[in-house]
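Here is a friendly briefing to read alongside your structure.

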Amino acid sequence: MSATWYECKVKFRKVDENGVQKVTTEPYLVDALSYTEAESRITQEMMSYVSEEFKITNIKVANYNEIHPFENADRWFRSKVALTAYDEESGKERKTNLYLLVQANDVKEAFDNTMFAMKNTMGDFSIPAISESPIMDVFPYFSGEEDGLEQIEKFNALKASKPESVAEIIDHMEFDAAVVAAYEE
């Protein structure tokens, strides 16, 4: 069963870098089965982060197909991935968009992390857009069962992992020495 992610906007008082208190609204992402559960989960999560009162101003279904946390990254990026499929009947190419939320420090790293997340994809795809997301944090759902601790540890390990660097494609094509010599002249 795929996860349904809800974007919850929370309004609360926050002390900025200058020591001035100001009211801010920040979006967070929670994995839940319904709006009611999303509200309950974000309330529970925010109680551990915010000492004063806060207000949930909006909850909506977020359009993310997958969430990919990575280590040493402090921002979230929305990657638009266009999957290409060929319709044999009409002979036309059809593109389907999916959206990934990828953790990274900058756009280049977000691109690399998106490529890492898509490395096992069998079909053709392109990445037409990557933009910084306003999402402050992500709270996945873990059941209270025994394997729930393993899931939490796995998610936190993913958050604490660094993707393998996406290697450049190296062309190992061999050419006939005579052809190369003739071309160079």
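## Briefing

Glu109 is buried, with a relative accessible area of 14%; here buried means under 20% relative accessible area, exposed means over 50%, and partly exposed lies in between (1.4 Å probe, protein chains only). This is a predicted model, in which local features need pLDDT of at least 70, side-chain atom pairs count only at pLDDT 80 or more, and totals for chains, interfaces and linings use all residues. Residues are numbered from 1 along each chain as its sequence is written, and side-chain values use heavy atoms, with hydrogens and water left out.

- Glu109 lies in helix α2; helices (H or I, at least four residues) and strands (E, at least two) are DSSP runs, numbered from the N terminus.
- The side chain of Glu109 is joined to that of Asn105 by a polar contact of 3.3 Å. Such a contact is a pair of N or O atoms within 3.5 Å; within protein, one must be able to donate a hydrogen and the other to accept it, and residues adjacent in sequence count only if both atoms are side-chain atoms.
- Lys108 and Asp112 form a salt bridge, with their closest N and O atoms 3.1 Å apart.
- Both Lys108 and Asp112 lie in helix α2, four residues apart, which is about one turn of the helix.
- Lys108 is exposed at 59% relative accessibility, while Asp112 is partly exposed at 23%.

**Salt bridges across the chain**

- Side chains of opposite charge can pair when their charged atoms come close.
- How many salt bridges does a search of the whole structure find? There are three, a salt bridge being a side-chain nitrogen of Lys or Arg within 4 Å of a carboxyl oxygen of Asp or Glu.
- Lys14 and Glu26 meet through their side chains in a salt bridge of 2.7 Å, N to O. This pair links distant parts of the chain, with Lys14 in strand β1 (residues 5-15) and Glu26 in strand β2 (residues 21-31), 12 residues apart.
- Glu26 is buried at 7% relative accessibility, whereas Lys14 is partly exposed at 34%.
- Glu132 and Arg75 form a salt bridge of 3.4 Å, N to O, between their side chains. Here too, distant parts of the chain are linked: Glu132 is in strand β7 (residues 124-132) and Arg75 in strand β5, 57 residues apart.
- Glu132 is partly exposed at 45% relative accessibility, and Arg75 is partly exposed at 30%.

**Aromatic rings**

- The structure holds four aromatic pairs. Rings of Phe, Tyr and Trp (its six-membered ring) pair if their centres lie within 6.5 Å; planes under 30 degrees apart count as stacked, over 60 as edge-to-face and the rest as tilted.
- One of these pairs is Phe70 with Phe116, an edge-to-face arrangement at 5.9 Å centre to centre and 70 degrees between the planes. The pair links distant parts of the chain: Phe70 sits in the loop between β4 (66-68) and β5 (75-87), and Phe116 in helix α2 (residues 107-117), 46 residues apart.
- Phe70 is buried at 4% relative accessible area, while Phe116 is partly exposed at 23%.
- Tyr28, Tyr49 and Phe139 are linked into a cluster by ring pairs.
- Arg78 places its charged end over the ring of Tyr99, 4.1 Å from the ring centre. A charge sits over a ring if NZ of Lys or CZ of Arg is within 6 Å of the ring centre and within 35 degrees of the ring normal.

**A loop residue to look at**

- Asn72 lies in the loop between β4 and β5 and is exposed, at 57% relative accessibility.
- Although Asn72 is not a glycine, it has a positive phi of about 55 degrees.

**Sheet and core**

- Four strands make an open sheet in the order β3-β1-β2-β8, with mixed pairing; two strands pair if DSSP finds at least two bridges between them.
- The edge strands, β3 (54-61) and β8 (138-139), each pair on one side only.
- β2 and β8 run parallel and are joined by two bridges, and Leu29 stands opposite Val138 in β8.
- The largest nonpolar core has 13 residues, of which Tyr6, Cys8, Tyr28, Val30, Ala38, Ile42 and Met46 touch the most other members. A nonpolar core is a set of buried Ala, Val, Leu, Ile, Met, Phe, Trp, Tyr and Cys residues joined through side-chain atoms within 4.5 Å.
- At least two residues of this core come from each of β1, β2 and α1 (35-49), and β1 gives the most, with four residues.
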